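Student: I am new to this structure and would like a close look at a single part of it. Could you take me through the way its helices pack and what lies between them?

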Amino acid sequence: MDPLEPLLSQTFIQILEFVGTFAFAISGIRQAAAKQFDWFGGFVCGIAVAIGGGTLRDLMLGVTPFWMTNAFYFICTFLAQVFVIVFSRYLKHLDNAWFVFDTIGLALFTIVGLQKTLFCGYPFWVAIAMGCITGSAGGVIRDIMLDTAPVIFKREFYAMACICGGILYWLLLVIGVRIEFASLATFALICLLRYVAVRYGISLPKLKGEE
């Protein structure tokens with residue numbers, strides 16, 4: 001059996017997308033709330049984070065964007081917004097929880113991007129790029145909507161965590177590790193890299209302009 005052939009079922013991929021959608025939607029809606037957006041604005045920011053990266057990935061892969069065939073992603077984002085509204089007075093005490101949600105979404109969506117790209121028959125270097133786009137592009141769209149510089153371009157080990165996870169995923173499949181274990185290892189690595197980077201203030205070197 002070709003170790004690079006995608007083995008995860010479509011059902012499992014959808015489960016990852018659903019969990020990642022809820023996690024990312026909460027992170028996006030929370031940041032919209034911090035900017036004093038109204039309910040509609042919060043929903044738009046939430047859905048942008050939740051489906052933005054996956055939509056860009058699917059368009060580049062030449063397939064129908066995943067949310068156009070299943071309304072659950074909008075329902076999931078709506079439930080995330082209800083959650084944020086109902087528990088708004090407790091949000092400021094849950095900073096660590098929101099970081100966890102964002103990190104979980106990042107890791108899950110990266111794995112989904114890797115799997116779906118391989119399922120479409122593209123080589124692994126494309127899968128790594130698509131995994132990164134799936135995990136981080138939604139955040140770029142959100143930041144542009146919030147009129148802030150995209151966080152992945154100025155601080156935190158965000159997109160690079162996706163790339164490192166994708167490389168690990170590829171190496172594990174090449175040596176014959178079962179896809180379930182490769183996925184778990186990739187998930188753990190991305191979460192670990194994010195935590196360590198934020199905990200110790202690790203980021204890539206900054207470019208210096210002309211003086």
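Tutor: Happy to! Helices here are DSSP runs of H or I with at least four residues, and strands are runs of E with at least two, numbered from the N terminus. Read along the sequence, this chain then gives the pattern α-α-α-α-α-α-α, that is, seven helices and zero strands. Please keep in mind that this is a predicted model.

Let us begin with one pair. Helix 2 (residues 39-61) packs with helix 3 (residues 72-86) at an angle of about 130°, and their axes are 10 Å apart. Angles over 145 degrees would count as roughly antiparallel, and 65 to 115 as roughly perpendicular, so helix 2 is oblique to helix 3. The crossing of helix 2 past helix 3 is right-handed. On the helix 2 side, the residues that meet helix 3 are W39, F40, G42, F43, G46, I47, A50 and I51. Their partners in helix 3 are Y73, F74, T77, F78, Q81 and I85.

The largest nonpolar core has 17 residues, and F24, L106, I152, Y158 and I190 have the most contacts inside it. Two or more residues of this core come from each of helix 4 (95-119), helix 5 (124-145), helix 6 (159-174) and helix 7 (179-200). Leaving aside residues up to four places away in sequence, I190 touches L106, A107, T110, A161, C162 and G165. A second, separate core of 11 residues includes A25, I29, F43 and V84.

C162, which I190 touches, brings us to the cysteines. The structure holds zero disulfides. A disulfide needs two cysteine sulfur atoms within 2.5 Å. The closest cysteine sulfur to that of C132 belongs to C162, and at 4.9 Å it is too far for a bond. C132 has a relative accessible area of 13%, so this residue is buried. C164 is in no disulfide either, as its nearest cysteine sulfur, again that of C162, is 9.3 Å away. With a relative accessible area of 24%, C164 is partly exposed.

Finally, let us step back to the whole chain. Of its 211 residues, 46% count as buried. Among contacts between residues at least 6 apart in sequence, 72% join residues at least 24 apart.

Definitions and conventions:
Residues numbered from 1 in each chain as written. Predicted model: local features only at pLDDT ≥ 70, side-chain atom pairs only at ≥ 80, totals over all residues. Heavy atoms only, no water. Core = buried A, V, L, I, M, F, W, Y, C linked by side-chain atoms within 4.5 Å. Buried < 20%, exposed > 50% of the residue type's maximum accessible area, 1.4 Å probe, protein only. Contact = heavy atoms within 4.5 Å. Axes fitted to C-alpha atoms, helices over the stretch in contact; angles between N-to-C directions. Parallel < 35°, antiparallel > 145°, perpendicular 65-115°, else oblique. Left-handed = near helix turned anticlockwise from the far one by under 90°.
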